[in-house]
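This briefing goes through one protein chain, from its overall make-up to individual residues. Please keep the sequence and the coordinates open while reading.

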Amino acid sequence: MGSTTSLPTLGRGNPHSNYTAAKRSASSAGTDKQHKKQQSSSSNGANSLARSKSCSNANFGKQQKQHLLQQQQQNGGLESTVEPATNGSQWHKVSNGNYAPEPEKTLASTTSLQKQKQQQRLKNLQRPPANGGLVGLNNLGNTCYMNSILQCLSHTEPLLRHFVLERRFQPSAGRNGSGLAKAYANLMLRMWAASASPTGADCTSPTELKQCVAQYAPRFRGYSQQDAQEFLRYLLEGLHEDLNLVSVRPKLPPVDYEHLDLLSDDDKADELWQRYLQQENSPVVEAFVGQLKSTLECCHCSHKSVTFDPFWDLALPIPGKSRTSLDACLKLFTNQETLDGNERPTCDRCRCRRKCVKRFHLYRLPSVLVIHLMRFSGERFKTKLNTLVEYPMELDVSEFLDKKCRLRQTPQYRLYAVSEHAGTPYGGHYTAVVRHAGTGRWLRYNDNRVEEASTRSVVSTEGYVLFYSRVDSQPAEEVGDDDNEGDDPVRENGEDEENTEKHVMANGNH
């Protein structure tokens, strides 16, 4: 039966609230500074007007108005709807394009106006640029596993918004001093810089990030082959550590299971979730972590023990077939499993080891659902399953969600990235096929090469780590493409389809 990979428990509260408060404070301070500057400018203008009788009030007001308009245009026009007049009142643009005086606003209305402007700025920055995110990554020596995962995370909307679009991350925000989050932010900004030309070849080297990851996780030192899924887990855990809003983890009392057994499933799940958040709370957790319900029933006394655990990804077993579906893998993961023999757990009621049945249900869905197809088995990847797992573009997990949660959570997900592995356990190559966060076009990232990909090439026997985004948290819409349509939606052998893929940019050797 499949297993989930879980980390320690997480921090209380919404991390975005702290970020929003900080940004609102910075915005207010900037507004006060600008207001004082405008008052000083107005006072200097008035003294100059008194000294120069040849300049009329009307001409002075017109000149100052033109000067302010030029300043606003240089600042991107974000503040061009309201501007100060010569008499200290406010002006606003009316329907005919002219400006009219506006009554003096109260402090409350001014604060509301600032919030509206801030929301508009964030809205304008929400959609990623179409000419960004097209930068390849140089292979530093067997680092294709890292390049594949980084390209998938580059188009992961919550991280893209945090590090690039809204630039919430500050270099001083790191908590453990590893510098990993700073290195990641610098790399993402380079990867999302506008490409030099639509047919040019842009690439960058993730050297600094690799050094920081190796410092955090020594297993990634050197240039030996590594597993992409393991790199993903260590990278996300490291980013979480740097961004964790809980600076000092509190020492929590032991879990009172007798108390929890008296609660309903909802109350028990919420109490354990809040306990988790008291220690671990970051934008990474908010995006990737969900909650799994585990039910253990004793076959002797029928006593049920229900626990709730956080998960960062789902590790799904693959049925031993040449072709199967993602639904079949999810069913194999959540189906009832009998624990007998040496696997017998201790029954809380019988106070001894009993034969039990165990079953999983999804309980709290994450914004980003990462699915790890367990293709490798044996110690240090002795064998690999080349089973074709048909993973859908649109995934509905309602069947695997606890019945009590189906009406209050959106169970629909959309595939946006796949980390692929071609080859054997002893030698292979990682690539990534990713739907561009801004345009919705599918792209294939092969180290420093970036090409357009057809939709039919997304599903193949090489699919290893799948990235799904909840529909209600995915702003980008898929762009229609006639070339992307076809009768066969999968690639059996993982080969490139030259008749459907268009070369966008290439650089260096394969």
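What percentage of the 510 residues of the chain count as buried? In this predicted model, the share that counts as buried is 45%. The points below are grouped by topic, beginning with the chain as a whole.

**Overall make-up**

- The secondary structure of the chain comprises 12 helices and 27 strands.
- When contacts between residues at least 6 apart in sequence are considered, 71% of them join residues that are at least 24 apart.
- The chain exposes about 25,600 Å², and 48% of that area is supplied by carbon and sulfur atoms.

**Nonpolar cores**

- The largest nonpolar core has 60 residues, and those touching the most other members are Leu153, Tyr184, Leu209, Leu235, Phe288 and Phe467.
- Helix α6, which covers residues 180–191, gives the most to this core, with eight residues.
- A second, separate core has 38 residues, including Leu272, Leu369, Val397 and Leu415.
- Phe288 from the largest core touches, apart from residues up to four places away in sequence, Leu153, Thr156, Leu159, Leu236, Phe311, Trp312, Pro366, Val368 and Val370.

**Packing of helices α4 and α6**

- Helix α4 (residues 144–154) and helix α6 have axes that come within 11 Å and cross at roughly 75°, which means that α4 is roughly perpendicular to α6.
- On the α4 side the contact is made by Leu150, Gln151, Leu153 and Ser154, while α6 brings Tyr184, Leu187, Met188 and Met191.
- Sorted by class, this contact of α4 with α6 has six nonpolar residues, two polar residues and no charged residues.

**The enclosed helix α5**

- Helix α5 (residues 157–165) is largely enclosed by the rest of the structure, because nine of its nine residues are buried.
- Arg167 follows α5 and has a positive phi, near 50°.

- Ser419 is found in strand β20, which spans residues 412–424, and is buried, with a relative accessible area of 0%.
- Leaving aside residues up to four places away in sequence, Ser419 touches Ser148, Ile149, Cys152, Ala228, Tyr430, Thr431, Glu462, Gly463, Tyr464 and Val465.
- Tyr413 is likewise found in strand β20, and at 0% relative accessibility Tyr413 also counts as buried.
- The C-alpha atoms of Tyr413 and Val471 are separated by 5.3 Å, although these residues are 58 residues apart along the chain.
- The residues touched by Tyr413, not counting those up to four places away in sequence, include Leu365, Pro366, Leu369, Val397, Tyr468 and Val471.

**Positive phi values in two loops**

- Arg351, a residue other than glycine, has a positive phi near 60°, and lies in the loop between β12 (346–347) and β13 (352–353).
- With a relative accessible area of 70%, Arg351 is exposed.
- Asp447 has a positive phi of about 55° although it is not a glycine, and its place is in the loop between β22 (442–446) and β23 (449–452).
- Asp447 counts as buried, at 11% relative accessibility, whereas Arg351 is exposed.

Note on methods:
Residues numbered from 1 in each chain as written. Predicted model: local features only at pLDDT ≥ 70, side-chain atom pairs only at ≥ 80, totals over all residues. Heavy atoms only, no water. Helix = DSSP H or I, 4+ residues; strand = E, 2+ residues; numbered from the N terminus. Buried < 20%, exposed > 50% of the residue type's maximum accessible area, 1.4 Å probe, protein only. Contact = heavy atoms within 4.5 Å. Areas by Shrake-Rupley, 256 points an atom, 1.4 Å probe, with all protein chains shown as cover. Core = buried A, V, L, I, M, F, W, Y, C linked by side-chain atoms within 4.5 Å. Axes fitted to C-alpha atoms, helices over the stretch in contact; angles between N-to-C directions. Parallel < 35°, antiparallel > 145°, perpendicular 65-115°, else oblique. Nonpolar A, V, L, I, M, F, W, Y, C, P; charged D, E, K, R; others polar.
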